[in-house]
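Q: Hi, I'm new to this one and would like a friendly tour. Could you show me the sequence and the structure before we start?

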Amino acid sequence: MTVDHVIDPADGLAFAAAIAVLGETRRRDGACYWQVLTDAADPRRRVEAFMQASWLEHLRQHERVTVEDRLIQERVRAFHRGPHEPLVSHLLATPLPPGAALRAPSLP
């Protein structure tokens with residue numbers, strides 16, 4: 001899953017502190033990977049990326065959100081300066097044929 005935030009670069013440190021707390025809740029609720037990325041071409045764009053073991057685990061994460069978790073999410077969202085809500089993307093792993101990762105790609 002990714003969440004695209006647009007922030008004022010002047011708020012970078014405060015945003016980082018707020019989203020670090022959110023990262024703790026993501027990991028507590030089952031995220032096996034969590035990271036915040038800054039777009040090298042646009043320092044206003046920060047992307048929170050995290051992964052769960054399965055789609056079912058992601059749905060369960062939504063059920064585990066507490067009132068305190070919502071407040072943490074709202075603190076992070078308060079930094080958003082984009083014209084729309086932060087863009088949320090749900091990305092699912094694409095199954096590959098057996099051994100596909102071991103083969104070198106063929107060139108055209």
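Q: Thanks! How many Å should the 17 residues of helix 1 span at 1.5 Å a residue, and how far apart are its end C-alpha atoms?
A: Helix 1 covers residues 12–28, and its 17 residues should span 24 Å. The expected span is 1.5 Å times one less than the number of residues. The end C-alpha atoms are 24 Å apart, which agrees. Helices here are DSSP runs of H or I with at least four residues, strands are runs of E with at least two, and both are numbered from the N terminus.

Q: Before we go on, what kind of model is this?
A: This is a predicted model, where local features need pLDDT of at least 70 and side-chain atom pairs count only at pLDDT 80 or more, while totals for chains, interfaces and linings use all residues. Residues are numbered from 1 along each chain as its sequence is written, and side-chain values use heavy atoms, with hydrogens and water left out.

Q: Okay, back to helix 1. Which of its residues are buried?
A: The buried ones are Gly12, Phe15, Ala18, Ile19, Leu22, Gly23, Thr25 and Arg26. Buried means under 20% relative accessible area, exposed means over 50%, and partly exposed is in between, using a 1.4 Å probe and protein chains only.

Q: And where do they sit around the helix?
A: Seen down the axis of helix 1, the buried residues fall within an arc of 160 degrees, so they line one face of the helix. That arc is taken from the directions between the helix axis and the C-beta atoms. On the other side, Leu13, Glu24 and Arg28 are exposed.

Q: Why would residues three or four places apart point the same way?
A: An α-helix has 3.6 residues a turn, so residues with that spacing point the same way.

Q: What do the buried residues of helix 1 pack against?
A: They pack against strand 1 (2–6), strand 2 (33–39), strand 3 (42–51), helix 2 (55–63) and helix 3 (67–77). Contact means heavy atoms within 4.5 Å.

Q: Can you pick a couple of residues from it?
A: Ile19 touches His5, Trp34, Val36, Glu48 and Val76, leaving out residues up to four places away in sequence. Thr25, also found in helix 1, is buried, with a relative accessible area of 9%. Beyond its neighbours within four places, Thr25 is in contact with Asp69 and Ile72.

Q: Which residues touch the most other members of the largest nonpolar core?
A: Of its 13 residues, those are Phe15, Ile19, Leu22, Phe50, Val76 and Phe79. Helix 1 and helix 3 are the elements that give two or more residues to this core, and helix 1 gives the most, with four. A nonpolar core is a set of buried Ala, Val, Leu, Ile, Met, Phe, Trp, Tyr and Cys residues joined through side-chain atoms within 4.5 Å.

Q: Which residues are buried in helix 3, then?
A: In helix 3 they are Asp69, Ile72 and Val76. They cover an arc of only 60 degrees around the axis, which puts them on the same side of helix 3. Their cover includes strand 1 and helix 1.

Q: And which ones in helix 2?
A: Glu57, His58 and Gln61 are the buried residues there. Seen down the axis of helix 2, they fall within an arc of 105 degrees, so they line one face. Helix 1 and strand 3 are among what covers them. Glu63 is in helix 2 too, but this residue is exposed, with a relative accessible area of 66%.

Q: New topic: where is Gly30?
A: Gly30 lies in the loop between helix 1 and strand 2. Its phi is positive, near 115 degrees. At 30% relative accessibility, Gly30 counts as partly exposed. Gly30 touches Met51, Gln52, Glu57 and Arg64, not counting residues up to four places away in sequence.

Q: Last one: what pattern does the whole protein follow?
A: Along the sequence the pattern is β-α-β-β-α-α-β, with three helices and four strands. The radius of gyration is 16 Å, well over the 13 Å that the globule rule gives for 108 residues, so the protein is more spread out than a compact globule. That radius is taken over C-alpha atoms, and the rule is 2.2 Å times the number of residues to the power 0.38. Buried residues make up 30% of the 108 residues.
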